[in-house]
Amino acid sequence: MPIDAKTTTYAVLGNPVSHSLSPFLHNSMFQKFGLNAVYLAYEVEKNSLGLAFEAIRALDIKGVNLTIPFKEDAMNFIDEIPEDLDRCVGALNTIVNRKGILYGYNTDCSGFLIALKEELNFYPEGKKTLVLGAGGAARAVCFSLAHAHADKILILNRTQERAIGLVEYMEGFFPETEIEIVDQIEGLKSEKIDLVVNATSAGMLDKDPLPLDLKHLSGKPAVYDLIYAPRVTQFLKQAAELGMAHANGLGMLANQAALAFELWTGRKDAREPMLELVKKC
Ligand code: NDP
């Protein structure tokens with residue numbers, strides 16, 4: 001469908017953003033379903049998110065995704081958060097512009113749980129989990145695990161104050177889930193952990209350190225790395241070497257994207273084609 005004066009605009013805002021597969025996924029779906037729409041990627045200065053939101057309103061951009069580092073800040077600029085879980089998470093990845101009112105959603109939560117089930121056959125209920133990171137994506141991961149009745153959630157982050165903030169915030173919502181900070185990596189050997197999730201951005205660049213040396217763990221937990229560019233991070237290489245079941249973030253990406261696409265267009269049938277597309281990436 002050619003771009004013309006009636007073309008509807010969608011976008012992802014991030015910094016960096018050039019790694020994002022979202023433009024490819026959503027533009028492919030617009031084409032597949034014959035929708036007159038286009039999806040663009042904008043690298044937004046870290047302190048200019050407010051300006052970007054003014055542009056969304058002024059230019060009537062119909063839908064927006066948020067990626068690093070804007071998921072938490074976006075809470076300050078939207079009008080409504082319709083879903084209870086998304087309101088609790090305190091981080092958004094999808095905006096829907098309905099007649100000038102901006103609604104915020106977090107499709108990362110469901111996208112993550114679906115990917116765990118589909119790719120690792122992992123169900124969090126009653127399980128002990130370790131989440132690396134305390135940013136926007138880690139929030140969605142921790143809330144999803146608690147919501148799905150994980151028995152225990154350990155959180156390890158480079159900046160401990162941020163992890164403390166996340167634990168304190170979560171405890172208010174899930175008093176029955178054990179949520180703790182890891183302050184002694186060596187102590188991890190005494191925990192029988194079933195799942196490790198890398199929700200840091202460490203691994204996106206070759207020079208990045210491992211978010212955790214998996215040799216600090218006993219047993220063979222399943223390992224999920226939210227990063228999908230590169231497809232195989234050093235962290236996933238180590239998981240493979242240690243014989244741990246593992247998956248990268250492509251499944252979550254496809255599922256959260258399909259859920260966002262449904263919010264924007266009402267179409268429920270984008271999930272399978274999105275999964276097919278990410279497999280070819
Ligand atoms: P944020 O910027 O909100 O958070 C980044 C996190 O990574 C923080 O916990 C930060 O720690 C940590 N971190 C950054 N660099 C390092 C490093 N060198 N060593 C250790 N920790 C580090 O980003 P998001 O939470 O939005 O995204 C995190 C990752 O998840 C990104 O790679 C993103 O692409 C991916 N993602 C994938 C999705 C998918 O669908 N597959 C969906 C959402 C995100 P500190 O607090 O100390 O700064």
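**View 1. Residues around the ligand in the predicted model.** The ligand has 26 residues around it, and those that come nearest are Ile68, Ala137, Asn157, Thr159 and Arg162. The structure shown here is a predicted model. Sorted by class, the shell around the ligand consists of 13 nonpolar, nine polar and four charged residues.

View 2. On its own, the ligand has 930 Å² of accessible area, of which the protein covers 87%.

**View 3. The five-stranded sheet.** This open sheet has mixed pairing, and its strands follow the order β2-β1-β3-β4-β5. Its edge strands, β2 (37-43) and β5 (101-105), each pair on one side only. With direction ignored, neighbouring strands of the sheet are turned by 20 degrees against each other on average. Helix α1 (residues 22-32) packs on the sheet and touches β1 (8-14), β2 and β3. The direction of α1 makes about 170 degrees with that of β2.

**View 4. Pairing of β3 with β4.** Strands β3 (residues 63-66) and β4 (residues 94-98) run antiparallel and are joined by three bridges. In this pair, Val64 stands opposite Ile95 of β4. In general, the strands of a sheet pair through backbone hydrogen bonds, in either a parallel or an antiparallel way.

**View 5. The six-stranded sheet.** Here the strands form an open sheet with parallel pairing, in the order β8-β7-β6-β9-β10-β11. At the edges are β8 (178-181) and β11 (246-247); each has a single partner strand, so one side of each is left without a neighbour in the sheet. Helix α4 (residues 107-120) lies across β9 (195-198), β10 (222-225) and β11. Relative to β10, α4 runs at about 135 degrees.

**View 6. Pairing of β7 with β8.** Strand β7 (residues 152-156) runs parallel to β8, and four bridges join the two strands. Lys152 has Glu178 in β8 as its bridge partner.

Methods
Residues are numbered from 1 along each chain as its sequence is written. This is a predicted model: local features need pLDDT of at least 70, side-chain atom pairs count only at pLDDT 80 or more; totals for chains, interfaces and linings use all residues. Side-chain values use heavy atoms; hydrogens and water are left out. A residue is near a molecule or strand if one of its heavy atoms lies within 4 Å of it. Accessible areas come from the Shrake-Rupley method with a 1.4 Å probe; for residues, only the protein chains shown count as cover. Ala, Val, Leu, Ile, Met, Phe, Trp, Tyr, Cys and Pro count as nonpolar, Asp, Glu, Lys and Arg as charged, and the others, Gly among them, as polar. Two strands pair if DSSP finds at least two bridges between them. Axes are lines fitted to C-alpha atoms, for helices over the stretch in contact, and angles run from 0 to 180 degrees between N-to-C directions. Contact means heavy atoms within 4.5 Å.
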